[in-house]
Amino acid sequence: MGQKLAKAAPSQAEKSAQRCTNFACGSSYGLLERIYVCPRCGETLEIECSLPHPSDPSTLRRSWAAKVTSKLPRDASGVWRYHDMLPFEENAPFVTLFEGNTPVFHAPRSAKYCGLSDLRLKHQGYNPTGSFKDTGMAAAMTQAVIARARTAVCASTGNTSASLAAYAARAGLQAAVLLPRGQISAGKLAQSLDYGALVLEIDGNFDDCMRLVQEIGDDPSIYVANSINPFRIEGQKTVAFEMMEQVMWQVPDHVVVPGGNMGNSSALGKGFQELLEVGLIKRLPKLHVIQAEGAAPLARLFATLDRGKAAGGENIPETLTPVKDPQTLATAIKIGAPVSWKKALRAVLRSGGQIISVSEKEIADAKAMIGLDSIGCEPASATTVAGIKRLVTSGHIKHREDVVAVLTGHALKDTDYMIKYHSGALSLGPAAKDGSTPSQTISGAFQNAPERVAATKTAILKCLDRHRS
Ligand SMILES: [Zn+2]
């Protein structure tokens, strides 16, 4: 009785905050405030993490390495292993499906194709639901449980809804995916259905679904896990930490990622920046973002930037002109108005990287080349290899420099694309009836169509012989 309890030091989560990314506003909010954009100015939010500052940063590195062989679910996760760098309490209700821990492959054929002596590909398609979204969703669903939500929602036909469905189920939450009625491809939704998500067909278009997701987000039982959610970036930034462990802490000269909604590039940029801040790396790799030509609003803006003025990411334009009707077969990056463009642009400028775009044929051939390296990926991922080829040609990447590209989705996410490519039937957009916009057929350089062979041993051996080099 009467004993005075010492006030506990503020925890990692208490010291972290949600900060508005608009420098002129700079408002700061608690982690438990259920907001998805800045209530004052409407700009996106970023988590300002309380980072550890050990006198010897290598102690952090060693403690992470020791966890790799741990059997504890939290340590075995490629996200939660790096808990020291994340805005969560020590005893948070961590949601995990053993995300992360994705391989880094050497890709000799792709390297040669790009004009490099070596190329490494970190494949985020090896995550539980087959895409890079899982690392971010592990963090977002953990936050949803902390915020006492009952339902997690998003509007997406692709990787995000699959990931949300799986992680919400694992967290014990209801999952709901809002989609425009009559525009749903069952193939794209198969995973969400299997993980038990509620698929709501809305009488409206995709923009209506996005608006509705934001409107229902006001309800305290609902947690919105769209791309705008800043906790997803926190989970995704761990990809930078894991990559550095896998390359033995030798900072690559270049890291290359596809660019759609720009969450991935923002997250990698944040991850590397934080490693620099805690003293685990001494310089940033150049971060390059590659968009598809028909959905390249940021590459267009980047081409017109005054690089001298914008260097360091301080003086960047206030607005981005969206692409009204984005066109690309790489559906995961078919986005005309990327939500995280400012964060990504700042990260690229800070690192001295480039943002460029590549054509549908370049993407398709690069994808087949990644396949020939026995790796495979979804079409959007292949923008990286296509972009690296261009950056080598333009002299931004040198033949012997160290390059790591991030592949975002598994090859089996889009088998239709592969079959069409290899049988010469891949085409972009239906031809207009009046012939004003013809359908663009892609003649792949590495087609591999099935062959019809007679049902005899001789015919088969003859065919094998014909294809031997
Ligand atoms: Zn603000």
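Let me begin with a definition: two strands pair if DSSP finds at least two bridges between them. Helices (H or I, at least four residues) and strands (E, at least two) are DSSP runs, numbered from the N terminus. The model is predicted: local features need pLDDT of at least 70, side-chain atom pairs count only at pLDDT 80 or more, and totals for chains, interfaces and linings use all residues. Residues are numbered from 1 along each chain as its sequence is written.

I turn to strand S12, residues 355-358. Strand S11 (residues 286-292) runs parallel to S12 and is joined to it by four bridges. Which residue stands opposite Ile356 in S12? That residue is Ile290. In a regular strand the side chains alternate between the two faces of the sheet. In S12, Ile355 and Ser357 point one way, Ile356 and Val358 the other way, and all are buried. Buried requires 20 or more other C-beta atoms within 10 Å of the residue's own, exposed 12 or fewer, and partly exposed lies in between, with C-beta atoms placed from the backbone.

Next, the open sheet. Four strands form it in the order S8-S7-S6-S9, with parallel pairing. Its edge strands, S8 (198-202) and S9 (222-224), each pair on one side only. From one strand to the next, the twist averages 30°. Four bridges link S6 to S7 (residues 174-180) in the parallel sense, and Thr151 has Gln174 in S7 as its bridge partner. Helix H8 (residues 206-216) packs on this sheet, touching S6, S7, S8 and S9, and its direction makes about 145° with that of S7.

Now a helix pair. H15 (residues 360-372) and H16 (residues 383-393) pack at an angle of about 110°, with axes 7 Å apart. Axes are lines fitted to C-alpha atoms, for helices over the stretch in contact, and angles run from 0 to 180 degrees between N-to-C directions. The two helices, H15 and H16, are therefore roughly perpendicular, a term for angles of 65 to 115 degrees. Glu362, Ile363, Ala366, Met369 and Ile370 in H15 meet Thr383, Val385 and Ala386 in H16; contact requires C-beta atoms, placed from the backbone, within 7 Å.

Phe98 has a positive phi, near 60°, in a residue other than glycine. Because Phe98 has 15 C-beta neighbours inside 10 Å, it counts as partly exposed. Arg148, also not a glycine, has a positive phi of about 60°. With 11 C-beta neighbours inside 10 Å, Arg148 counts as exposed.

Terms used
Parallel < 35°, antiparallel > 145°, perpendicular 65-115°, else oblique. Contact = placed C-beta atoms within 7 Å.
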